[in-house]
Amino acid sequence: MLKGLLPNSDEEPVPCLGSPAAGDLRGPERSPELPLDTPEQVSNEDPQAQARPFTPKPPPPRPRLERALSLDEKGWRKRRFRTSREDLTVRNGASPSGGSLQDETPRTPTRSGSPPCLSASLQEIPTARRAPGSGGPSSWGNCLSGMISTSLDLLHREGASAGSAPRLASLLSPRPLPAMGRNVASEGLRTANKVDPDHADYKLRLQARLFRAHSSLGPGRPPSPLACDDCSLHSSRSTFSLLAPIRAKDVRSRSYLEGSLLASGALMGADELARYFPDRTVALFVATWNMQGQKELPPNLDELLLPAEADLAQDLYVVGVQEGCSDRREWETRLQETLGPHYVMLYSAAHGALYMSVLIRRDLIWFCSEVESSTVTTRIVSQIKTKGALGVSFTFFGTSLLFITSHFTSGDGKVGERLVDYSKTVQGLALPKNVPDTSPYRSDAADVTTRFDEVFWFGDFNFRLSGGRATVEAILRQDPGSSVQALLQHDQLAREMQRGSIFKGFQEPDIHFLPSYKFDVGKDSYDSTSKQRTPSYTDRVLFRSRHKDDICPVKYSSCPGIRTSDHRPVYGLFRVKVRPGRDNIPLAAGKFDRELYLLGIKRRISREIQRQQALKSQHASAICTVS
């Protein structure tokens, strides 16, 4: 055993670890001494040892020793930067390092410059809190293998200059430490301070490490706003789900059944509206198309429903058709197939050859009231109701919506008949029926458009461009940028709206497209028959709002690529302001056309299979041609 003193009598004695005179020294504070059994002893009878101090020398390099140090460094890095898989292991109650005390204590970054004569394992010992009455840094390398004052002084000097905390744990080991050899990085030292997983303190330490709510994301990831500690019974959020949390006290509350606007948990209330539409605006698509009664439908409706100018699909689609095709169900199936499984048919109605289809995103069907419809016939003589109006209304959250598609009397000089059609429509549409009016004090019994917050009126109004075909064709041959504004100077509808004789309170987005009527079927040329009808803006989309700036037009255009009719489809994209509502109204409760939804999905699948088979056959024919 070491005697605790250096053999040189001229220097002040330096106590070793475990020496009884350690407390008499002045200098840096030391932690309580730990007894170590050292196999080597220093003899005081050696005259050379008495003549000059002992100079420690590092052990000779050995390939196996260098290999052990590199592996130890890798193990230390693995403990410092734990992966997400190891985090999951720790959450389940098992430590990836076997429950070592080193994993449970805080760590301090190691310095790049290591003191000589100390192996990597000694530098890797983590820092722990000091117990009351404990001293400063304690040196474990003083009496090991004859390496004495040099390593101690270097260690003290480095700790004093950096002002760092002590590097060794001050707690005494519950059992004697194993004997150590010359190699300080021995396996016995690194495995001695194991913690029993059954120990009571082990669970407390483990819970302290699991305070992060996102342990499954790894230590280097930021916490998820939707994650929580799954160990808590009070947790209401799922770690991986994007669904909004529902508090139990909100579920227990029944105040929303009274129709309160501000009650927490109301289906149509402000909380749900803010969750789905933080800016309280919904994206709306409105289209009108006179199909001329053609049985043939366009092979693709993407240009109509999914225009290239719009990066995102809309929340609500409303399509009105005049002189619709004979197979109405096929038309609705094509709409469902084009929009895909993200949308459902909320409602569809027909009045003779007038069709209207309302499609909405499937996760918004719960916020709609019952959908109501009404019709007006303006041409009683005809057995086939080609002229008239069809209105569809419902409430979305707290905003009432009315959609009207109309087909007015045709003819260049029949402006008066069209004004009569308008008057019959606003007086004859009996809406709303069961759904209450959101602002009854603003309503007029003689005008259906005053009984709703937002009104969209679209269709084939049949208003023409006055001046004759020669005048219109002369303007069309001019610059396309200026020709549209020149054409609108001859528009009958714009003139009547300025006079206030029709569409009172309505607005129309700016027109930047060519007249949508009348084309030769399948061609881009206007009427070349003997009748020589004047090109006109017969197909229009108008809007009206109770509140100023509630409706913002985004896009207003036509579809020149759809040529199956003598009319071109016209569509508009809008942003509509939505307000919270009450739950005490007749709710649709998720109603939609399920049969049509399934049929549209099957159509999409079959068309995709046909497309892939066509590509394969085309590829096979190309190979045969080359060979």
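Leaving aside its neighbours within four places in sequence, which residues is Glu332 in contact with? They are Met345, Ser348, Ser357 and Leu596, where contact means heavy atoms within 4.5 Å. This is a predicted model, in which local features need pLDDT of at least 70 and side-chain atom pairs count only at pLDDT 80 or more, while totals for chains, interfaces and linings use all residues. Residues are numbered from 1 along each chain as its sequence is written, and side-chain values use heavy atoms, with hydrogens and water left out.

**The sheet**

- Six strands form an open sheet with mixed pairing, in the order S3-S4-S2-S1-S11-S10; helices (H or I, at least four residues) and strands (E, at least two) are DSSP runs, numbered from the N terminus.
- At the edges of this sheet stand strand S3 (343-351) and strand S10 (551-558), each of which pairs on one side only; two strands count as paired if DSSP finds at least two bridges between them.
- From one strand to the next, the twist averages 15°, with axes taken as lines fitted to C-alpha atoms, for helices over the stretch in contact, and angles running from 0 to 180 degrees between N-to-C directions.
- Strands of a sheet pair through backbone hydrogen bonds, either parallel or antiparallel.
- S10 pairs with strand S11 (residues 570-577) in the antiparallel sense, over seven bridges, and Pro553 stands opposite Phe574 in S11.

**Helix H12 against the sheet**

- Helix H12 (residues 328-339) lies across strand S1 (281-290), strand S2 (316-322), S3 and strand S4 (354-361), and it runs at about 155° to S3.
- Glu332 has its place in helix H12, and at 3% relative accessibility it counts as buried, a word that here means under 20% relative accessible area, with exposed meaning over 50% and partly exposed in between (1.4 Å probe, protein chains only).

**Salt bridges**

- The structure holds 23 salt bridges, each being a side-chain nitrogen of Lys or Arg within 4 Å of a carboxyl oxygen of Asp or Glu.
- One of them joins the side chains of Glu332 and Arg328 at 2.9 Å, N to O; both residues lie in helix H12, four residues apart, which is about one turn of the helix.
- Whereas Glu332 is buried, Arg328 is partly exposed, with a relative accessible area of 28%.
- Asp593 forms a salt bridge with Arg329, with the closest N and O atoms 2.9 Å apart, and this pair links distant parts of the chain, 264 residues apart, since Asp593 is in the loop between S11 and helix H17 (594-626) and Arg329 is in helix H12.
- Both partners count as partly exposed, Asp593 at 21% relative accessibility and Arg329 at 31%.
- Within helix H17, Glu608 and Arg611 lie three residues apart, about one turn of the helix, and they form a salt bridge whose closest N and O atoms are 2.6 Å apart.
- Glu608 is partly exposed, with a relative accessible area of 31%, and Arg611 is also partly exposed, at 44%.
- Through salt bridges that share partners, Arg328, Arg329, Glu332 and Asp593 are joined into one network.

**Around Ser516**

- Ser516 is found in the loop between helix H16 (492-499) and strand S9 (539-545), and it is buried, with a relative accessible area of 1%.
- Beyond its neighbours within four places in sequence, Ser516 is in contact with residues including Ser536, Asp566, His567 and Val570.
- Ser516 and Asn290 are 226 residues apart in sequence, and their C-alpha atoms are 10.0 Å apart in space.
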